[in-house]
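Here is a short report on a two-chain model. Look over the sequence and the fold first, then read on.

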Amino acid sequence: MFLRINPGAATVRLTFEDQDITATEGDSVAAALLAAGITHTRDTPVGDAPRAPFCLMGTCFDCLVEIDGTPNRQACLTPVRPGMRICRQRGARSP
Amino acid sequence: MTTQYDAIVIGAGPAGMAAGATLAQHGARTLLLDEQPSPGGQIYRTIEESTPAKLRTLGADYVRGLHLAHALRQSSLEYLTNAAVWNITAAGDVYASHAGRSRHVAAQHIILAIGAMERPVPVPGWTLPGVLTAGALQILLKSSGVVSTGVFLAGAGPLLYQLAYQYVAAGMPRLVILDMATRANTRASLLKIPAAPNLTSLHYLWKGFRFFERLARAGVPIYRNVSNLVIEGTDKVEAISFRHGNKEARLPAHTIGLHAGVIPNTHIPRALGCAMAWDEAQHCFRPATDKWGSSSHRNIHIAGDGAGIIGARASEHAGHLAALQILHLLERIDTATRDSLAAPHRRACAAHTAIRPFLDQRFAPPGEILRPADDVTVCRCEEITAGQIRDVARAGCQGPNQAKAYLRAGMGPCQGRVCGPVVTDLMAEVHQKSALEIGAYRTRPPFKPVTVGELAALD
């Protein structure tokens with residue numbers, strides 16, 4: 001559960017799993033998702049377990065999401081852009 | 001056509017900003033590559049986008065980054081932001097992805113100013129959504145002004161207190177500190193306070209004292225001698241339980257910030273085959289470097305926390321020192337000039353690192369973090385537990401690289417960055433060997449995800 005200390009800044013509109021969310025210019029995708037109350041951004045390939053951004057500095061790769069159709073994007077290193085379509089990365093391996 | 005530089009600096013934190021500006025100032029053709037949209041590294045993140053309110057919240061140490069960013073902007077170096085470096089060769093080739101396109105550049109000398117990463121904190125439940133590193137929470141605060149509405153900060157390290165102080169300054173006092181530093185280390189650390197502390201050491205001690213004083217005034221609960229930390233929940237964090245002294249506690253929770261100090265980012269130097277050393281006091285590998293930051297490869301230099309944790313201020317001076325040595329090797333300055341320009345930076349480095357032995361001892365990571373219990377996940381990507389690592393070690397697996405073949409440990413998207421230090425420690429424990437004897441994961445490019453299309457489009 002996160003909130004913004006100065007909520008007045010310019011807003012950028014994007015979607016996560018086809019739901020509209022708003023972010024602030026300068027946010028990383030990971031920060032935008034956390035601030036929007038999204039706690040589940042990826043399913044792991046091995047145990048199908050829910051994950052969310054963890055280190056926010058590009059080390060852990062737990063924030064991998066699909067952005068505008070490209071999977072394996074590091075949400076913590078990708079700045080938000082208006083109209084971005086973000087999807088949960090579903091990692092289950094093919095049988 | 002590959003663009004050729006005198007020097008390429010990787011990373012725009014304190015060491016990289018300082019090194020880049022010094023190189024360019026003396027006429028070396030320099031390229032600075034950084035993963036972020038603006039300079040600062042992790043410590044001075046988004047320093048240029050600071051309002052007065054933000055500078056007040058983050059404090060005077062953060063403000064220091066302004067002059068480094070200013071010097072960088074004033075200098076003639078080429079500075080490429082949002083650039084993910086995915087390969088470097090010992091010959092001086094650098095491949096970086098920028099705006100969906102990869103480019104190949106090369107230089108006579110490379111400075112890796114790639115800083116630190118957080119030491120992994122494998123405790124039960126650390127993979128649950130709602131658990132972040134304390135560093136991650138600080139990044140959210142610095143970059144986006146995003147704060148948790150109530151957070152447990154657990155582990156061992158000065159960052160826990162600094163972050164708590166910044167939360168209080170931002171008007172968010174709903175936090176609890178769980179200090180896992182052991183009583184023995186706290187006691188032993190007192191003997192490591194310099195007998196005749198310089199002014200800089202006194203400043204650091206005063207800063208720590210001020211954190212404690214402010215947190216006490218804000219009524220932030222601090223539990224000491226915390227052990228047996230367990231994060232509970234099914235799909236996200238629901239509670240945290242722990243021992244403090246000889247009492248047990250279990251409290252509802254939704255956000256946890258874990259921290260056990262920072263360690264050098266060794267992924268790239270290991271891939272380059274730079275000789276590594278084991279730092280006993282900081283319990284981590286670091287690239288072996290000489291007093292200028294040069295690695296075992298004569299054209300690869302490592303400056304700042306990436307060569308061993310020294311902190312932001314000392315890193316800045318280490319950046320200048322590496323740059324001066326490269327200018328000397330490029331024959332742009334003679335030995336006497338190099339040495340006279342280096343002298344003040346050496347003195348400043350020494351002043352800023354005098355307090356390190358105290359900090360390293362006071363906040364040494366406890367055994368339950370370094371060598372977690374069998375049921376704790378170690379490799380977050382491939383979901384492998386400490387017990388599985390111990391089992392294969394007992395079955396004859398000799399080290400981290402063989403563990404990849406046995407278990408796929410370290411073979412997920414993070415490429416072993418996070419589990420690497422833990423796997424080495426667990427192997428060392430089972431085989432009763434030193435970490436240096438056990439070694440670390442071998443790392444390979446690409447260091448970052450890069451599309452096949454980008455590779456195909458390379459010249």
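Which residue in strand 8 of chain A is the bridge partner of A:Arg42? The partner is A:Gln89.

**Ground rules**

This is a predicted model, in which local features need pLDDT of at least 70, side-chain atom pairs count only at pLDDT 80 or more, and totals for chains, interfaces and linings use all residues. Residues are numbered from 1 along each chain as its sequence is written, while chains are lettered from A and ligands numbered from 1 in the order in which they are written.

**Chain A**

Chain A holds 1 helix and 8 strands. Helices (H or I, at least four residues) and strands (E, at least two) are DSSP runs, numbered from the N terminus. The order from the N terminus is β-β-β-α-β-β-β-β-β. Chain A has a radius of gyration of 13 Å, close to the 12 Å that the globule rule gives for 95 residues, so chain A is as compact as a globular protein of that length. That radius is taken over C-alpha atoms, and the globule rule is 2.2 Å times the number of residues to the power 0.38. Along the principal axes, the C-alpha atoms of chain A fill a box of roughly 45 × 25 × 20 Å.

Of the 95 residues in chain A, 45% are buried. A residue is buried if 20 or more other C-beta atoms lie within 10 Å of its own, exposed if 12 or fewer, and partly exposed in between, with C-beta atoms placed from the backbone.

Strand 8 of chain A pairs with several strands, as the table shows. Two strands pair if DSSP finds at least two bridges between them.

| Partner of strand 8 (chain A) | Sense | Bridges | Residues facing each other |
|---|---|---|---|
| Strand 2 (residues 11-16) | parallel | 2 bridges | A:Thr15 and A:Arg85 |
| Strand 4 (residues 42-43) | parallel | 2 bridges | A:Arg42 and A:Gln89 |
| Strand 6 (residues 64-67) | antiparallel | 3 bridges | A:Glu66 and A:Cys87 |

Strands of a sheet pair through backbone hydrogen bonds, either parallel or antiparallel.

**Where the chains meet**

The contact takes 35 residues from chain A and 37 residues from chain B. Two residues are in contact if their C-beta atoms, placed from the backbone, lie within 7 Å. Strand 1 (2-4), helix 1 (29-35) and strand 5 (50-51) of chain A each supply at least two residues of the side that touches chain B. By class, that side of chain A has 20 nonpolar, 11 polar and 4 charged residues. Ala, Val, Leu, Ile, Met, Phe, Trp, Tyr, Cys and Pro count as nonpolar, Asp, Glu, Lys and Arg as charged, and the others, Gly among them, as polar.

Strand pairing crosses between the chains too. Strand 1 of chain A runs antiparallel to strand 9 (residues 146-148) of chain B, joined by 3 bridges. There, A:Phe2 stands opposite B:Ser148.

**Chain B: domains and sheet**

Chain B is divided into domain 1 (3-117 + 263-333), domain 2 (120-260) and domain 3 (371-438). These bounds come from an automatic or database domain assignment. The C-alpha centres of domain 1 and domain 3 of chain B lie 30 Å apart. Contact between them involves 5 residues of domain 1 and 4 residues of domain 3. The domain 1 side divides into 4 nonpolar, 1 polar and no charged residues.

An open sheet of 5 strands in chain B has the order 8-16-10-11-12, with parallel pairing. Strand 8 (131-133) and strand 12 (222-223) of chain B stand at the edges, each with a single partner strand, so one side of each is left without a neighbour in the sheet. Strand 10 (residues 151-155) and strand 16 (residues 256-259) of chain B share 4 bridges. B:Leu153 has B:Gly257 as its bridge partner in strand 16 of chain B.

**Nonpolar cores**

The largest nonpolar core has 102 residues. Such a core is a set of buried Ala, Val, Leu, Ile, Met, Phe, Trp, Tyr and Cys residues joined through C-beta atoms within 7 Å. B:Leu153, B:Ala164, B:Ile256 and B:Ile389 have the most contacts inside this core. Helix 6 (residues 158-169) of chain B gives the largest share, 8 residues. Domain 2 and domain 3 of chain B each contribute at least three residues. A second, separate core of 69 residues includes B:Ala18, B:Leu58, B:Ala116 and B:Leu324.

**B:Ala409**

B:Ala409 sits in the loop between helix 15 (400-407) and helix 16 (420-431) of chain B. B:Ala409 is buried, with 30 other C-beta atoms within 10 Å. B:Ile384 is 25 residues from B:Ala409 in sequence and 6.5 Å away in space, C-alpha to C-alpha.
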